[in-house]
Number of protein chains: 2
Amino acid sequence: MDERVSDVRGMARRARQAQRRLELATAGERNGALEAIARTLEEKAAEIVAANREDLAAAEAAGLPGPMIARLRLDEAKLAGVIRGVRAVAALPDPLAAEPEAWVRPNGLRIERVRVPLGVIGIIYESRPGVTVDAAVLCLKAGNAVLLKGGKEAARSNAALGAAMAAGLRQAGLPEELVQVLPSAREAAVELMNARGLVDVLIPRGGAGLIRATVEQSRVPVIETGTGVCHVYVHEAADLAMAREIVLNAKCSNPAVCNAAETLLVDRAIAARFLADAGPALLAAGVRLRACPEALAYLRGAAAMVEPATEEDWAAEYLDLTLAVKVVGGLEEALAHIARYGTQHSEAIVTADGAAAERFLRAVNAAAVYHNASTRFTDGGEFGFGAEIGISTQKLHARGPMGLAELTTYKYVLRGNGQVR
Amino acid sequence: MDERVSDVRGMARRARQAQRRLELATAGERNGALEAIARTLEEKAAEIVAANREDLAAAEAAGLPGPMIARLRLDEAKLAGVIRGVRAVAALPDPLAAEPEAWVRPNGLRIERVRVPLGVIGIIYESRPGVTVDAAVLCLKAGNAVLLKGGKEAARSNAALGAAMAAGLRQAGLPEELVQVLPSAREAAVELMNARGLVDVLIPRGGAGLIRATVEQSRVPVIETGTGVCHVYVHEAADLAMAREIVLNAKCSNPAVCNAAETLLVDRAIAARFLADAGPALLAAGVRLRACPEALAYLRGAAAMVEPATEEDWAAEYLDLTLAVKVVGGLEEALAHIARYGTQHSEAIVTADGAAAERFLRAVNAAAVYHNASTRFTDGGEFGFGAEIGISTQKLHARGPMGLAELTTYKYVLRGNGQVR
């Protein structure tokens, strides 16, 4: 595997060329390519897992932390899951098949708005080799070429996965340049960010630092994904038992993901009662609490588990079993707190008061706003999209879970008989 | 008028605050604000025109070129047209009123996808004071706050227009910070481009240099607009009389705009015949031709009007009565030329061969692709959108003419009864 920074611009040009071929392919051909990729991944499973073992050995030798090694691992069972995912994407409806909107102008010009692929998509991510395949097949299904820039810890795994996918594309009679694994060196990401005109969109997937660096440096349009400082707001009219279950779920069911709750807001009127119930339940689930002075008075627990919150806590995306807790004077104070510290990802109110709920749903500016449900549902599968490439937290193009439709754009097709203006 | 670079970030924060108020306004309130702005523009017409005269005098003293002075001029008649435009936007359908898509998940969670404003929009433009009002009212109609950074030549005009619009907003009971005219100094544009998180999207409107600088430097998401190296391709099976009229219209009806044709591609099989007819017609219309060697052989005219093309001509956006002319070997060569030199704006084929037309319409990657019509129809009004904020030449979010719908985004509203995951 060549770890020199090679010719990313050249790779992008070849991706463009290959994508022009894919643009003319039928849905059957695209799905056939996905099936061929599933097969070649199966055929080369031993090589892929062996390459991953080398990555794992190097990561262990370098003393990488346990959670990072867990993300890097791609054993037979995980690879089989990845391959099932490829076939699941092949089985999804064709995002390019939608009937175009069409209208005829008074001058007789017929205008159609037709779905087309985005073109060449760059994905910048960290060291989860499963992403290499997931992202590639979603892009292909929607008619796009993809340039994959993964983390250096997964370089051998990604090269093996890329070789298997290239073999699948060749078997399907499509250009292997549709899926290209870039060198894992940092410079390749910089070249990708500078490839305006050659790459149509960049999607960073990973931690906050990676995403911030990409959105700040890229000259290629970026879809920002995944930073989630999500709140659960327990309104004074909440069903407190329901609120407790929602908070526990939003924090504990998978704290490492972006739709997990990071801050609990509680109305003053019910704070003592609610925290007397929910506090012990959270602590029993292993959650560390960072509480405002007022909430602190209602929470009992070991000093290591219940600590005073600082200003930083309100903006923190912990991604672990830590929860900030703040007592608020009512709906408007909760809305102001969320407007200030939220990341426009997922925000929930728990209340039996319909008017308060509607005010919250209307006023909160976020990709997903919830009434009486856990923030954990902001996910392509949970929305019924079948698969997702990420959760957009920006407002342009796509917001929230991005499925196949969000990997397409449109163009206008105009048919006339000599119209001039 | 204060020409210091003031606190653009503070202005953006106040815009955000004001937009949260507008987000809760009804369509009636938003249209009422537009009507109030139309009235205050009428009431302050004399002051606005006087301010514009000062700008014009300064521009003339500075020796600005005639076309720039023409764009800068805002006399009573042009202002009346701008005000009619405000009322026309008020009369358009509400872009936020569309019935949301809604579905219910197996767990009972009801998901709605609702239209919402983009939020705070920054417009960076040159010295056409009409844009100040056009852009502001389109943004307001769609529920957005707007920060307007115009050219310094129009600073007095823009300040007067901004004051009139602020008065209209106050009369309508809405915060005047919804429409803010920024200082015209270059530094204000730089601050705007750095205001990520405070400004949701930047839309540059103007020449290629302005747009390039914005897309390259901005950390705020940008919608690239308006660079148009548009082609008319005359296929061997074209109705040559129709082709001549389309080429003449695409080049001559308004050469200064982005949807005008810049290059004519002609199939070798009909080049001699077509250019013998279209060449003199173009020259008679005052068009200067830059021709490839083969086309040159078919064109007769004064040396100043017919010149050999250089490599630069194929990429040139002339925006005047100049047209590059190239003979090609057929459809595939035309497609390759357009893929290489086009700017993904508007591309036309003239042919009576349906299969060739369909191949062109499918293969060309551009916002608008035409069969047997002039490229000049890529325009919000001509598409039936009523008004436009620009023509997007990128693929994210919006492509082609951007009407009111393109100034909105969506959010997901989820209603449950205690769902957890």
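1. Salt bridges between the chains. In this predicted model, the interface of chain B and chain A holds 14 salt bridges, a salt bridge being a side-chain nitrogen of Lys or Arg within 4 Å of a carboxyl oxygen of Asp or Glu. One pair to look up is Arg421(A) with Asp379(B), where the closest N and O atoms are 3.8 Å apart. Over all chains, a search of the whole structure finds 60 salt bridges.

2. A salt bridge inside chain A. Glu54(A) and Arg156(A) join their side chains in a salt bridge at 3.6 Å, N to O. Glu54(A) sits in helix H3 (residues 45-61) of chain A and Arg156(A) in helix H7 (residues 155-171) of chain A, so the pair ties together parts that are 102 residues apart in sequence. Helices (H or I, at least four residues) and strands (E, at least two) are DSSP runs, numbered from the N terminus.

3. The rest of the chain interface. Here 77 residues of chain B are in contact with 77 residues of chain A, contact meaning heavy atoms within 4.5 Å. The two chains bury about 6,500 Å² between them, with 49% of it on carbon and sulfur atoms; buried area is the accessible area (1.4 Å probe) that two parts lose on being put together, summed over both. There are also 51 residue pairs in polar contact between chain B and chain A, both residues at pLDDT 80 or more. A polar contact is a pair of N or O atoms within 3.5 Å; within protein, one must be able to donate a hydrogen and the other to accept it, and residues adjacent in sequence count only if both atoms are side-chain atoms. Strand E16 (residues 408-419) of chain B gives the most to the side of chain B that touches chain A, with 11 residues.

4. The same surface serves both copies, as 100% of the contact residues of chain B recur in chain A.

5. Domains of chain A. Domain 1 covers 8-224 + 397-415 and domain 2 covers 230-382, with bounds from an automatic or database domain assignment. Their C-alpha centres lie 35 Å apart, and the contact takes 4 residues from domain 1 of chain A and 8 residues from domain 2 of chain A. The area buried between these domains is about 360 Å², of which carbon and sulfur atoms give 58%. Arg399(A), Gly400(A) and Pro401(A) supply 92% of the area that domain 1 of chain A buries against domain 2 of chain A, more than any other three residues. Between the two domains there are 0 salt bridges and 1 residue pair in polar contact.

6. Around Gln344(A). Gln344(A) is found in the loop between helix H14 (331-341) and strand E12 (346-350) of chain A. Beyond its neighbours within four places in sequence, Gln344(A) is in contact with residues including Asn365(A), Thr393(A) and Arg399(A).

7. Conventions. Residues are numbered from 1 along each chain as its sequence is written, and chains are lettered from A and ligands numbered from 1 in the order in which they are written. Local features need pLDDT of at least 70, side-chain atom pairs count only at pLDDT 80 or more, and totals for chains, interfaces and linings use all residues, while side-chain values use heavy atoms, with hydrogens and water left out.
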